[in-house]
Every structure is written in structure tokens, then in C-alpha cells.
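Colleague: I am new to reading models. Could you take me through this one, feature by feature?

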Amino acid sequence: MRFKSMIYILGFLCLSLLTYTAEFTLEQLSELRGLNMITDEEYGILLNELKGVATRDNFYTLKVNGAKVSEVYPVIVQDDKTYLPVINLFNTIGFKDYKIESEVLKATLGTDVREITIKSNDSEVIVEQGDFFLESEKFKELFLRELYLDLQNDDVSMRLSFETSAEIEMYLANVRDGIIEAKSDGELLFTSERTMFDIGYMRFDFQAIATKAGKDSENRKTETDWTGDLEYQGPLLYGEFTAAYDVRNNNLGNMSLYYPEVYKNHSLKFENTGSDGAREWRATFRKEKGYYIKGKNYVIRENVPIGSKVELLYLGFPIEVKDSIEGVIEFDNSEIQENRRYTLRVYQPDGRIYTIDIDTATNYSQQNKGETEYDFSINEIDQYDKYSINANLYHGITQNLTLGLGYKHEPEDVGDGRVEYLEYLRGELVYSNYIYRFPYTLVLGTERALNTNVTTEDGLSNKDRYSYDGTFQIDIKDFRFVVDRAEFGRYFDEKSEERYGVTYNPTGIFQINYEWSKTKYNLEQEDQNDESVGLNISKGWKDLLVSLDYSKSLKQDDGYEVNMYYNGLKKYNVQLTNSWLEDGKDLETTLKLSNKNIFSIFDYSLEFGYSETYREKFTFRFTLDYDNWLRGEINFDESGAQRYSAGVNRVVDLKNIRKPLESIDSSRVKVITFLDVNDNGILDEGEERLEYVEVKIGDQILDTDENGEAMFFGVPNKILYEMKPTIRKPSYTLGNTKIKILGQQVGTVIAQIPVKPLVTIVGEIQVDQNLRLSEQDKVSLFENILIKVLDENGRLIEYLNPENDGTFEVSGLYARKYMLQIEYIGMDNKGRQITENVTLGHYDDSENRFIIHLDKERLTLKQIFLSEGGKYEKVISSNPSPSKL
């Protein structure tokens with residue numbers, strides 16, 4: 001009785017929330033508080049709403065760097081201050097270089113690797129909705145160059161003070177396409193490429209289990225067992241390899257090799273699935289949509305890092321939480337419906353969070369002009385020891401017209417112990433346009449068997465295996481009308497099918513569906529009609545989402561669902577699901593509370609279950625995860641049945657198991673520092689490696705070892721870092737070169753850092769003895785000689801006069817080609833000058849020696865080389881002049 005009263009109260013609350021005028025009265029509000037259905041704090045908030053006090057939580061349109069990126073950016077206005085959410089902004093712009101540990105958010109911003117820290121107990125922070133809401137002035141100080149708030153029109157516009165992930169991707173693309181020449185701009189960019197093989201990540205999940213039967217069982221002895229599962233993910237054959245292994249049962253699980261973004265949002269995947277010796281190969285090449293259709297249901301499926309926990313959100317409310325299995329997450333939930341937008345919030349084992357948007361809009365594979373969508377798959381069928389092929393191609397002929405072509409090749413049991421390959425060819429036309437501003441889509445298709453010589457044991461021939469079908473859909477204001485019609489050959493049981501549907505969706509809050517269908521048969525049986533009506537209402541109100549779903553059909557039992565999702569508690573999500581099965585005879589209820597797991601190392605959930613079929617059977621489950629390390633679970637019901645499990649659940653980097661996992665979507669960076677003696681920026685054979693060079697990437701600082709190497713682990717991908725080496729040895733430098741690191745996939749980035757040796761020009765002007773100049777004459781002569789050093793582009797590096805003894809020195813140069821110019825500028829000489837290109841080298845004493853010899857007729861430039869045999873001179877240039885000294 002008490003439970004039925006609760007259901008009544010919940011139903012009353014649902015109906016109240018769906019009212020368009022005043023959503024509750026003071027009497028109703030007081031009644032809810034009297035029943036302890038709301039807290040005093042919630043009562044105060046609702047009372048303010050009833051009195052017309054503005055709510056503090058609103059959704060705004062958000063523009064970032066001039067582009068609109070969201071229409072549901074939440075803003076809190078409280079005590080005349082405005083608070084903006086940080087994680088929501090990061091997820092909206094695709095920024096991933098942040099993590100949350102022990103209620104502290106840490107982020108690394110921009111290529112200058114600026115680190116910021118936000119604590120949940122800071123006076124400028126409000127923690128709500130699984131986010132850090134930061135006071136607007138502090139928000140601007142940390143993240144923005146400009147901020148504009150229009151609270152009247154619900155607009156937020158900002159310009160960031162750091163690079164977004166999209167800007168970094170564009171920069172990389174420009175470098176790759178040659179639009180930006182990184183070297184000529186004094187930059188070296190090192191990035192990860194697809195690798196043949198590299199060590200990846202492993203998930204260890206080992207649990208000890210204890211079970212005890214219920215009171216009705218004769219044997220209530222506690223039994224123990226254990227489970228052990230391994231999951232691996234890492235680079236292989238230039239793709240991402242994932243595999244699973246059941247240690248307890250010595251059973252190899254599923255394996256896959258995944259190549260994302262092979263061609264215009266298309267991915268390539270090879271899989272080997274099955275167990276107990278029955279394994280099948282599968283290869284697919286298709287466009288990523290994030291979902292597939294199973295019957296009339298939509299199933300969301302995405303690849304995520306192993307060990308991740310994923311929330312499914314609708315209208316910003318978590319409606320289901322699951323753990324990934326072998327790097328894949330899949331949601332088959334009644335809330336997932338056509339023409340809706342969902343968000344997956346992925347919690348990685350390293351503490352990072354990112355989101356994936358999924359749009360289930362119906363487009364009938366329509367393509368833009370010139371675009372092509374592919375969907376190819378090859379499957380091994382173990383049952384027949386054969387394989388099947390399914391290939392589909394859609395190409396946009398114009399902006400309105402798309403043509404599709406499909407081919408099937410699959411084995412089928414045709415009787416008499418025969419398994420034949422059956423082949424089909426399908427053609428499809430998709431056309432969309434407007435009628436009086438109302439959009440419509442027309443789809444016409446036909447399918448026909450190719451190998452018409454195949455006949456089944458019942459005498460059915462493939463000659464009669466064909467079909468024609470068509471669909472017409474039009475949207476008129478809040479109504480959508482759909483007409484389907486199909487005709488089949490005599491090979492099929494069905495002769496024809498027709499379906500008429502109407503959907504009414506006036507506000508986006510509720511949706512009414514009506515559908516009528518009729519099937520005629522080639523066999524001697526009565527035609528069948530079906531009629532169904534459905535109602536779905538989803539309304540978000542403050543921190544509460546209420547969803548009601550009703551379906552009635554002539555052929556199936558009626559179905560009812562009332563679900564409520566509440567995320568107004570600071571650290572918890574609450575889900576209450578109710579479904580009536582068997583025409584309402586069986587009520588199943590589940591109440592689940594789970595923490596939001598972004599401010600704590602503990603991740604836990606409580607679940608209560610109830611079913612009238614099992615005589616009001618009550619079940620309880622408690623799960624706990626601790627800091628990517630330990631996992632425990634408790635299950636029991638009112639019959640006394642119990643199950644306990646506890647053990648290790650951890651993801652590690654196999655190259656460095658002891659180091660805490662910083663980022664699973666990350667790269668390793670192998671730094672090699674070497675002495676670039678020929679100044680070509682490439683590590684050539686024989687070039688010396690430099691030890692004791694300090695290198696910083698993000699918050700990691702390492703020194704290169706005796707081999708000139710340092711290995712960094714867990715450098716997040718898709719983040720552009722500027723590496724900052726510090727060279728402690730004198731006479732070595734990086735010059736003005738900027739070194740940047742960008743990881744793109746799990747693997748190792750090889751960063752060979754060229755260190756430039758600094759060299760010096762040491763010279764002497766020798767005056768020919770035949771000139772018979774006194775020491776004072778020589779000093780006057782040297783004062784009128786100008787020595788210039790220019791780079792290859794003619795830019796002046798240095799100019800000077802020799803000393804009184806004729807010596808000169810130019811330091812801080814690189815081992816590269818320079819232009820050396822010697823000019824006599826005295827009044828008594830009209831043309832004594834020599835200009836010559838010289839290539840400086842790196843020697844033990846870093847000195848490049850030159851002699852300038854003056855006689856009556858010419859200036860002669862000589863370079864001095866030292867060797868084991870002694871010193872020798874090489875004449876580089878000799879310049880005669882008509883002028884006489």
C-alpha cells in the first residue's frame with residue numbers, strides 16, 4: 001500500500017510538471033514537503049519560483065571566438081554575480097587537457113603550457129550539475145581575452161586566451177598541407193604517426209566472489225569463486241588493436257583492429273569474435289554515425305578507451321550509466337528514439353572526461369552534392385563455413401538527389417542439405433525538396449536476386465525473388481506524415497506491405513505517434529492489419545527530467561513507462577524507472593542513486609528493485625570503484641540470496657606500470673638531443689648525442705641520459721605542447737627554434753632535438769713586409785678596415801674593426817654558411833674589398849681561423865686548418881685591385 005501511495009505521488013508530481021501555466025500551488029508545495037518528498041532547501045527554491053523570483057539557473061546561447069557552439073550553455077546568477085561552467089566549455093570546444101582529482105580541477109592551456117587549478121571549495125566556485133561554475137571575472141582572468149554577457153537576451157560571447165583543439169588541428173593540417181612551413185618559421189613540429197607496433201595499455205580486472213543461496217534453498221552454504229579478465233589496447237599494424245582474455249576460463253575474447261577517420265568520417269575495422277573454438281572474422285568500412293537501428297529501436301554504440309565509464313545524457317540529464325566492454329560502449333534504452341540528440345559523457349580511467357554527441361535524425365542516407373557514403377562488410381559464417389558480403393554506396397548527384405547501390409552475397413540453407421550463395425542487387429533513389437516551404441523526402445528502391453537458377457526444396461525459384469518499395473515523408477508544421485509501400489515476388493511469404501504513420505510533435509516536449517499497417521500474403525492465409533498508437537512525453541524542469549511512454553497495439557501487449565531522472569543533488573544522480581508489462585499486470589520499478597564521480601576518488605552506486613510478479617520481491621545492489629584501483633559489489637534480495645565481490649580493477653601503461661596513469665588517450669614522447677654539427681636539423685650518422693639536457697613537456701621535467709635520451713609517458717593527445725629544453729653546457733644553443741609536440745594516437749612520438757654548437761671566427765690581418773709600414777701606419781690601416789659577417793640571405797649579423805694588432809673575433813655563430821666581407825674604407829683607397837662565402841665548422845675549440853693578407857696588389861683571404869700533421873692554409877679568395885697602398 002505504501003508503495004502504491006508513492007507511485008501516486010510521483011504520478012501527481014509528473015502531471016504537475018507538465019502543466020504550462022503555474023506549475024504548482026502553495027498547497028501542493030506544502031503537501032510535498034509534508035510528505036518529505038522535497039527538502040527545506042528545495043522548498044525554498046520552489047517557493048521563490050512560485051512568488052516570481054527568477055531562477056538562478058538558465059540556458060544561454062554561447063559564442064566562442066565568434067562562432068556559435070551551443071544553445072544550452074548553463075549560467076547561474078546568484079547574489080548579483082554570474083557564474084559560468086568550466087567543464088561544459090571544455091567539452092563544447094573539444095578541449096581535453098584537464099583532469100579532476102579529489103575535488104580539484106587541473107588544466108594545461110595553450111602552447112605555452114599554462115597550468116591552472118580550481119578547487120571546489122574556493123569562494124568563487126559553485127559546484128553543481130557535475131561542473132565547476134566559476135565567477136565571471138575569475139573565469140575571464142583564467143580563460144578569456146574578452147567576455148560579453150547579455151543576460152536580457154540570454155547570450156554569452158567570449159574570446160579565448162588559449163588555443164582550442166580545433167585550432168590545433170587546423171594548424172597541423174596547414175603544416176601537413178604545406179600552407180605553413182614550420183621550419184622556415186623557426187619551428188620544429190614532432191607528431192605521432194601510425195606505427196607498426198608499440199606497447200599500449202592493459203586493464204586488469206580480478207575479482208573474488210562469494211555467493212549464498214536464498215532462504216528457500218536447501219543448501220545455503222557460502223560458495224566462493226573468482227573471475228579474471230584482461231583487456232589490452234595499443235597500436236598495431238598502423239591501427240588501434242583491442243583484445244580481451246578470460247583468465248579464469250582460459251578463453252580468448254573478442255579482438256579488433258580499428259582505423260578511425262580513414263576517409264571522410266569513414267572507419268575501417270577488422271574483428272575476430274566468438275569463444276569455445278567457434279570464432280568468426282568480420283571486416284567493415286562505414287561512415288561513423290554513433291548508432292545503429294535494430295528493428296524499430298535505436299542502439300547507441302561508440303569506441304572508447306578501455307576501462308571507461310560512460311553516461312548517456314538526454315537534455316543534459318544522465319539516463320543510464322555503463323562500463324565499457326573491450327573498448328566499446330553500447331546503450332539499448334527505451335529513451336533512445338528517432339530525431340533526438342544525445343550526449344555520451346566518457347569518464348576515462350585517468351580522470352579525464354570528454355563528450356560525444358549523437359544525433360539520431362532520419363536522413364535516408366541523403367548526401368550533399370559530390371559526397372559519397374560507403375557501408376561495406378564481410379562476415380565469416382561459422383555455421384556454414386562460408387562468408388557473406390554486404391556492400392552499399394550512396395552518392396549525391398545534386399544537392400537534392402542521391403542514388404544508392406547495394407549488393408548482398410550470403411549463404412542460405414535452401415533445404416535438402418544444400419547451402420547456396422544467394423546474391424542480390426539493390427538500387428535506390430532518394431530525393432528531397434520543398435512543397436510550399438514544407439520539406440519532403442521521396443525514396444524509391446528495388447531489390448532483385450542475381451543467381452536466378454537457385455531453387456529451394458519447396459520449389460520456390462530465385463526468379464521470383466524481387467521486391468519494389470517506396471517511402472514518402474513530409475513535415476507540415478508540427479506534423480510528420482510517412483507512407484511506406486512494398487511489393488514482393490512469389491518467393492516471399494508476403495505479397496505486399498503498406499504503412500501509414502502520423503507524428504505530432506508541437507513543442508519538443510511531447511510526441512504522439514499513430515501508425516496503421518496492412519500485410520497481404522502470397523500464401524493461403526488471411527491478410528493482417530495492425531494499428532498502434534504511442535505517446536511520449538519528456539520534460540526537463542530545473543534538475544528533473546520526467547519521461548512518460550505509452551504504446552498500444554492490436555498485435556502486442558500494451559506498454560507503459562514512467563521514468564524520472566533527478567540531478568539536483570550536489571554529488572548524486574537519481575534515476576527512478578517504472579514499467580508495466582503484460583498489459584499492466586506486472587509492475588517493475590528500479591531506483592538507482594549514483595555519485596557523479598568527478599570530485600572524488602570513490603565511484604559508487606545504490607540500486608533498489610521491485611517486481612509485483614515476484615510477490616513484491618525487493619533487490620539491492622551496491623557497487624564501489626576506488627581511484628582506478630579497487631572494485632567491490634554487494635547484491636542481495638529479500639529471499640536472503642547474497643553475492644559479494646571484491647578485487648582489483650586497474651588500467652596501466654605497460655611501458656611504465658608503476659607510474660600513475662596520466663592519460664589513456666595519450667602518447668609517449670622519446671626525446672633525443674644531438675649535436676647538429678652540419679646544421680641540417682637531422683640526426684646523421686656519427687653526430688654526437690648530448691646528455692644532461694633538461695626537457696620540459698607540460699608538468700613533466702626530465703634530463704637526457706648518457707645516450708642523449710629521455711622518455712615521457714602519458715602526454716595527452718590532440719594537445720599542442722611547446723617543448724622547453726634547457727642546455728647546461730656552454731657554447732651550445734637551440735637558437736630561435738621553437739619545438740612543438742602533438743600526439744595524435746596511442747604510440748610514441750620521436751622528437752630529435754638539434755642542438756647547435758656555437759662557433760667563433762678568429763682572424764688576423766697580416767701586412768706584407770714589402771709594404772714597409774711602421775706600427776703607427778699599421779694601426780691607421782686597421783682603423784680603416786671594416787669586417788662584416790652576413791647570413792645566407794644577406795642579413796647583417798656583425799660588423800667590427802680589427803684590434804690595433806690586426807686581430808678580430810666574431811662569436812655566437814652557427815656551423816653554417818656565412819658571407820665574410822672585408823673592406824678598406826680609407827680616403828686613400830678607392831676599391832680595396834673582398835667578399836666571400838665561407839662555411840664554418842664545429843671543431844674542438846669551436847674556433848674557425850682566418851688570415852687576411854694585404855700586399856700592394858691584392859687582398860687574400862685564407863682559412864687555417866689544424867690537423868694531426870700540423871697547421872695548413874687554404875686560399876679561399878684573392879682580390880686584385882687597381883688601387884695601390
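**Reading the features**

Modeller: Start with D375, which is partly exposed at a relative accessible area of 26%. Buried means under 20% relative accessible area, exposed means over 50%, and partly exposed lies in between (1.4 Å probe, protein chains only). Accessible areas come from the Shrake-Rupley method with a 1.4 Å probe, and for residues only the protein chains shown count as cover. This is a predicted model: local features need pLDDT of at least 70, side-chain atom pairs count only at pLDDT 80 or more, and totals for chains, interfaces and linings use all residues. Residues are numbered from 1 along each chain as its sequence is written, and side-chain values use heavy atoms, with hydrogens and water left out.

Colleague: Which residue forms a salt bridge with D375?

Modeller: A salt bridge is a side-chain nitrogen of Lys or Arg within 4 Å of a carboxyl oxygen of Asp or Glu. D375 has R286 as its partner, with the closest N and O atoms 3.2 Å apart. D375 is in strand 25 and R286 in strand 17 (residues 278–287), so the pair ties together parts 89 residues apart in sequence. R286 is partly exposed too, at 29%. Helices (H or I, at least four residues) and strands (E, at least two) are DSSP runs, numbered from the N terminus.

Colleague: How many salt bridges does the count come to?

Modeller: The count is 33. Among them, R631 and D323 meet at 3.3 Å, N to O. R631 lies in strand 41 (residues 630–637) and D323 in strand 21, so this pair joins parts 308 residues apart in sequence. D323 is partly exposed, at 32%. D469 and R426 also meet, at 2.9 Å from N to O. D469 sits in strand 30 (residues 466–476) and R426 in strand 28 (residues 418–435), 43 residues apart. D469 has 24% relative accessibility and counts as partly exposed. D198, D653 and R668 are linked in a network of salt bridges.

Colleague: Now helices. Which residues of helix 5 are buried?

Modeller: The general idea comes before the case. An α-helix has 3.6 residues a turn, so residues three or four places apart point the same way. In helix 5 (residues 136–143), the buried residues are S136, F139, L142 and F143. Down the axis they fall within an arc of 125 degrees, so they line one face of helix 5. The arc is that of the directions from the helix axis to the C-beta atoms. The face turned away carries the exposed residues E137 and E141.

Colleague: And which residues are buried in helix 7?

Modeller: In helix 7 (residues 775–783), they are V779, L781 and F782. Their arc covers only 160 degrees around the axis, which puts them on the same side of helix 7. Q776 and E783 are exposed on the other side.

Colleague: What about phi?

Modeller: Most residues other than glycine have a negative phi, and most peptide bonds are trans. E261 is not a glycine, yet its phi is positive, about 50 degrees. E261 lies in strand 15 (residues 251–263). S365 is no glycine either, and its phi is positive at about 60 degrees. S365 sits in the loop between strand 24 (353–359) and strand 25 (372–381).

Colleague: Is each of them buried or exposed?

Modeller: E261 is exposed, at 53% relative accessibility. S365 is buried, with a relative accessible area of 13%.

Colleague: Last one. Which residues form the nonpolar patch on the surface?

Modeller: Patches are made of residues with over 30% relative accessible area and no salt bridge: like charges are joined within 9 Å, nonpolar side chains (Val, Leu, Ile, Met, Phe, Trp, Tyr) within 5 Å. M196, F197, L237 and Y238 form this one, with about 410 Å² of accessible area together. F197 is in the loop between strand 11 (187–191) and strand 12 (201–212). F197 is exposed, at 52%.
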